[in-house]
Amino acid sequence: MKIEFAPLNIPLRRRLQTAATLQWIFSFLALAQCCLAAFVLLALSDWWMVALLYAGWLWLDWDTPSSGGRRSQWVRSWTVWDNFRDYFPIRLVKTVDLDPKKNYIFGFHPHGVLVAGGFGNFCTEATGFSRLFPGLKSHLLMLPFWFRVPLFRDYIMCGGLVSSCKSSLSYLVSRPEGGNVAVIAVGGAPEALDARPGALTLQVRNRKGFIKLALKHGAQLVPVFSFGENELFDQMENPTGSPLRKLQNRLQSIMGVAMPLFHARGVFQYSFGLMPYRKPIYTVVGKPISVVQTPSPSSEDIECLHKVYLQSLTELFEQHKQTYGLTEDQHLTFI
């Protein structure tokens, strides 16, 4: 394989963008393991008392990820996120104003490999979420597993990440003062296994838990489509029924996290590596679906609202697809 190396005269701003994205990749793939190792080493060192005190704090703070988290506007506003945004670049597209007195559930599609658009738009202020939607606080839901890792949990909560458990979502959208946005990558880990350039298949037909909670708490549903999310990485072929896919599904059922074997470019060359391609991401926030609070929604209520949601998501995609690089004959497939 011929390796295409990056030129030496790359502008400083592009090098900073690459460095920012590299630390993001590291955070996703290795920071949790490093934090866990650091905690264990601290516990086995002469500073074991510090580890013991932190363990006590961890016990007292255990429910915070499912009780709104602990956002830090300072962390969300770091300059590194501006460089991360410009690497692709990532853009947040607003279609309508949202009432800050209400709570919202954003259904984010597609999941992609690492939810780059979801992170850049809703866990940082790089694309101006607070400016575009004044009075609203965004919270990206993440698997509960990650909030059990010492130190790492505190870092990710600073960006507004919270647990994706049922109680966490209920807490956010039941606040009487409103102003909360719970962002859910509806397709979840299984959809990540199909994330590759050109993919427009969404795992959403049987995803109705967020619909039920929207009805139960009267939260407004908002479809969000992130154009370009699946273009960032290639992935090893893993068609349904293949040995690799069976192994991935098995690991996902045991660990709760997907294990996509993805690849793209490197830091100093463009031929292979784990750095995403420089492809633009346009995350379009659609119109809210009005939801009447139904404390005990029936199966019929859930099914009806789910159909309305799928129709709204389809209309959002069809309305904007040609603006953001797709063709008229490309359509969403729901499974």
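Colleague: How do the residues in the lining of the largest cavity divide into nonpolar, polar and charged?

Modeller: The general idea comes first: rolling a probe the size of a water molecule over the atoms shows where empty space is left. In this predicted model, the lining of the largest cavity divides into three nonpolar, four polar and two charged residues. Among the residues of that lining are Pro110, His111, Glu191, Asp194 and Asn230.

Colleague: What volume does the largest cavity have, and how many cavities of 30 Å³ or more does the structure hold?

Modeller: The largest cavity has a volume of about 40 Å³, and the structure holds one cavity of 30 Å³ or more.

Colleague: At what angle do helix H1 and helix H4 pack?

Modeller: Helix H1, residues 12–43, and helix H4, residues 79–87, pack at an angle of about 100°, with their axes 8 Å apart. Because angles of 65 to 115 degrees count as roughly perpendicular, H1 is roughly perpendicular to H4. On the H1 side the contact includes Leu16, Ala20 and Trp24, and on the H4 side it includes Val80, Trp81 and Phe84. The residues of this contact divide into seven nonpolar, five polar and one charged.

Colleague: What is the order of the strands in the open sheet, and which are the edge strands?

Modeller: The open sheet of seven strands has the order E1-E10-E7-E2-E5-E3-E4, with mixed pairing, and its edge strands are E1 (90–94) and E4 (162–163), each of which pairs on one side only. Strands E7 and E10 run antiparallel and are joined by four bridges, with Val224 standing opposite Val285 in E10. Helix H10, residues 209–217, lies across E2, E5 and E7, and runs at about 145° to E7.

Methods
Residues are numbered from 1 along each chain as its sequence is written. This is a predicted model: local features need pLDDT of at least 70, side-chain atom pairs count only at pLDDT 80 or more; totals for chains, interfaces and linings use all residues. Side-chain values use heavy atoms; hydrogens and water are left out. Axes are lines fitted to C-alpha atoms, for helices over the stretch in contact, and angles run from 0 to 180 degrees between N-to-C directions. Helices (H or I, at least four residues) and strands (E, at least two) are DSSP runs, numbered from the N terminus. Angles under 35 degrees count as roughly parallel, over 145 as roughly antiparallel, 65 to 115 as roughly perpendicular and the rest as oblique. Contact means heavy atoms within 4.5 Å. Ala, Val, Leu, Ile, Met, Phe, Trp, Tyr, Cys and Pro count as nonpolar, Asp, Glu, Lys and Arg as charged, and the others, Gly among them, as polar. On a 1 Å grid over the protein atoms alone, a cavity is a set of points where a 1.4 Å probe fits but cannot get out, and a pocket is an open set with protein on both sides within 12 Å along at least five of seven lines; lining residues have an atom within 4 Å of a point. Grid points are joined across faces, edges and corners, and a volume is the space filled by probe spheres set on the points. Two strands pair if DSSP finds at least two bridges between them.
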